[in-house]
Amino acid sequence: PEPSPSPIPTVPPRPIPARRSPPRRRWLPWAGAALLVAILIAGFRPQPLPVEIGRVSEGTLRVTVNEEGRTRIRQRYTVFTPVAGQLRRIPFKAGTPVLAGETVLAVLDPLPSSLLDARTRTLAEARRDTANTQLAKAREALRFATLELQRFQKLFTDLTVSAQELEGVQWREAAAAQEAAAAESALRQAEAELAEFRGAPDGNPAALSTPSPDASARSPVEFRAPISGRILRVHEESARVVTPGTPLVDLGDPADLEVVIEVLSRDAAALGPGAIVELDHWGGETPLEARVRLVEPAAFTKVSALGVEEQRVNVIADLVTPPEQRPGLGDGFRVEARIVVWESPRTLKAPAGGLFRRGAEWAAFVVHNGRTELRRVQAGPGSGTETQVLDGLEAGDEIVLYPGDRIREGIRVRPVAIAP
């Protein structure tokens, strides 16, 4: 028999390992809860408040009173006419230089006497005739009163009349004498009115209208400059008839200026002669320097632009800057004045916006390590933007400017701007 073939060895199949299940992540819920708690804490945590910071420093501090003023010439002259007359045309304009005693400012021709016509002469003659009649009547009454007085004096001597009757006659005689004197005066006045007609023939109207020769022969009056300077204003430029007291021209020296500053009465009480004044916005690049000469003792009432009545005082300051450095400045120019009330070359100062009232004292919030700290401050005079610090702060401290109701002690703040 044939041998049977050997069987093919078979490889048993490799057993497939069982699939392992992934481990369960039990920490994920705890991590999510922790993250949520952290987010909630971060969301409800108060954020630093944004604030504006100012620094306390040392330097110059000046307290000033700022008001508007105007310039004016210290010595101003106005030329008036002393008599009536015909003014000739004045050829000068404002700004013309004049010399004292040499420049003829104006010429005044005397007016001729009033022209007399026939009607005026008739009225004057009528007044003269009336005065003659009144004088004759008064003299006759005086003569009668004199004779009556003589009779009563004789009767009184004979004890025929009483003393009272004699006194009445004496009074009538004195009154008659006064009336006679008044009548003589009226006659002289009427004759004086007819003086212009003496020598004029009757019935000649041309002769009656001719002015008296002595009035037309008078020489014209010249007005010369009383000072050396410039003409500021010409009041009467054209020729015309003027009356006594008519202003003609204004004169002055534009280089001799002073400044008039209207300040509140409470500010004027702290000012005195010699105070420094700086003038700005006068038209030049650099401020002008002046000194207070006088603080007027009387105040006046002035209504402000808001309709508020204010008591103001004029402060007069003399310009110290030479005229060569202010060539364009003239009379009546507007300036902005800063009057120095108090000044310290080196002192501790803080921004005025960082100080506030806490009761009867001053206080400030100082920023230290990102948190606010309330400090009591002893403040001195201030300039409006800066205030002198006497105690409570040091140089380099940072304080909160314009703190509101949300700013309290101990809260965190975040500077958004630092004022110098």
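Strands here are DSSP runs of E, at least two residues long, and helices are runs of H or I, at least four, numbered from the N terminus. Tyr402 has a positive phi of about 50° although it is not a glycine. I noted the general rule: most residues other than glycine have a negative phi. Tyr402 counts as exposed because its relative accessible area is 62%. The cut-offs are under 20% for buried, over 50% for exposed and in between for partly exposed, with a 1.4 Å probe and protein chains only.

This is a predicted model, so I kept its limits in mind: local features need pLDDT of at least 70, side-chain atom pairs count only at pLDDT 80 or more, and totals for chains, interfaces and linings use all residues. Numbering runs from 1 along each chain as its sequence is written, and side-chain values use heavy atoms, with hydrogens and water left out.

Asn369 was my next stop. Asn369 sits in the loop between strand S18 (361–368) and strand S19 (371–382). Its phi is positive, about 55°, and Asn369 is not a glycine. Asn369 is exposed because its relative accessibility is 71%.

I then traced a sheet. Four strands form an open sheet in the order S3-S10-S8-S5, with antiparallel pairing. Its edge strands are S3 (76–80) and S5 (97–98), each pairing on one side only. Strands pair if DSSP finds at least two bridges between them. S5 pairs with strand S8 (residues 229–234) over 2 bridges, in the antiparallel sense. Pro97 stands opposite Arg230 in S8.

Leu99 lies in the loop between S5 and strand S6 (104–109). Leu99 is partly exposed because its relative accessibility is 45%. Which residues does Leu99 touch, not counting those up to four places away in sequence? I found Ala225, Ile227 and Ser228. Contact means heavy atoms within 4.5 Å.

**Ala255**

Ala255 belongs to the loop between strand S10 (247–252) and strand S11 (257–264). Ala255 is partly exposed because its relative accessibility is 37%. Leaving aside neighbours within four places in sequence, Ala255 is in contact with Pro323 and Arg326. Its C-alpha atom is separated by 9.1 Å from that of Glu324, 69 residues apart along the chain.

**Largest pocket**

I checked the lining of the largest pocket by strand. Strand S2 (57–73), S11, strand S14 (300–303) and strand S15 (309–319) each supply at least two residues. S2 gives the most, with 4 residues. A pocket is an open set of points on a 1 Å grid over the protein atoms alone, where a 1.4 Å probe fits, with protein on both sides within 12 Å along at least five of seven lines; lining residues have an atom within 4 Å of a point. Among the lining residues are Glu67, Arg70, Lys302 and Arg334.

**Whole protein**

Last, the totals. I counted 6 helices and 22 strands. Buried residues make up 30% of the 420 residues. Of the contacts between residues at least 6 apart in sequence, 75% join residues at least 24 apart.
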